[in-house]
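Me: I would like a close look at one part of this protein. Please keep it brisk.

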Amino acid sequence: MLVLILTACAPRPDPNVQIQVAVLQTVAAMPTNTVQPPPVPLPTATPFDLKGVFCEYQFCVGHPADMAFFDVSAQKNPVSPSTYSQGIIAAFNANLFIQMIWQIAPGTADPQFMLDLILDDVDTRTASLDVKRVRDMNVIYTPITSTATPVLPFGAAGAWICGERAFAWKVYSPQAENTQALFEQALERFQCER
């Protein structure tokens, strides 16, 4: 009986406090929203087909799709590959050999020195220089013959200026008829950082 009397006379908890405690416990038990991940940008389409194009060293150049350029400088000395400032790349198969060089040449407008640089002792110009303007670049082109290999006696060479760099290109081929088209293919897809 004593327990009943003590229980009946015990102070009663404040109902407002009980309600506040119940609300706090309910809010604490509620799940929180998952943080929204930051938006991921969707990949964009490449503005042109990459088949038959070489892009490295902050420039792109076209080439036959069945060939691939490699860094000649890195092949000769792996610790000294081509760079933005200067380099040499080449591609070849049984019917073609293509070589390209570049170097820094600020303030230069005439690419003639690059043409002289890419032509070896085995190369001979067979016509006068074809000089033209292609997309704001001074471009020169000349057909050549070569004694580098009897299998590829014909060819062509070209040079141009883009931004602060000068570029030169050369091809050896078994026939003279396709060399100008190969040069135009290279220039058509050429882009560089200016």
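This is a predicted model: local features need pLDDT of at least 70, side-chain atom pairs count only at pLDDT 80 or more; totals for chains, interfaces and linings use all residues.

What do Cys162 and Cys192 form, and how far apart are their sulfur atoms?

Reply: Cys162 and Cys192 form a disulfide, with 1.7 Å between their sulfur atoms. The pair links distant parts of the chain. Cys162 sits in strand E9, Cys192 in strand E11 (residues 191-192), and they are 30 residues apart. Both Cys162 and Cys192 are buried. The torsion about their S-S bond is about -85 degrees, so this disulfide is left-handed.

Now the other link. The count comes to 2 disulfides. Cys55 and Cys60 form a disulfide too, their sulfur atoms 2.0 Å apart. The link of Cys55 and Cys60 is right-handed, with 115 degrees about the S-S bond. Cys60 has 11% relative accessibility, so Cys60 counts as buried, under the 20% cut-off. Cys55 has 35%, so Cys55 counts as partly exposed. Counted along the chain, the bonded cysteines follow the pattern 1-2, 3-4.

Helix H5 comes next. H5 spans residues 179-188, and its buried residues are Thr179, Leu182, Phe183, Ala186 and Leu187. They cover an arc of only 135 degrees around the axis, so they lie on the same side of H5. An α-helix has 3.6 residues a turn, so residues three or four places apart point the same way. The buried residues of H5 pack against strands E2 (59-62), E7 (130-134), E8 (137-146), E9 (154-162) and E10 (165-173). Strand E9, one of these partners, is also the strand that holds Cys162.

Note on methods: Residues are numbered from 1 along each chain as its sequence is written. Side-chain values use heavy atoms; hydrogens and water are left out. Buried means under 20% relative accessible area, exposed over 50%, partly exposed in between (1.4 Å probe, protein chains only). Helices (H or I, at least four residues) and strands (E, at least two) are DSSP runs, numbered from the N terminus. The arc is that of the directions from the helix axis to the C-beta atoms. Contact means heavy atoms within 4.5 Å. A disulfide is a pair of cysteine sulfur atoms within 2.5 Å.
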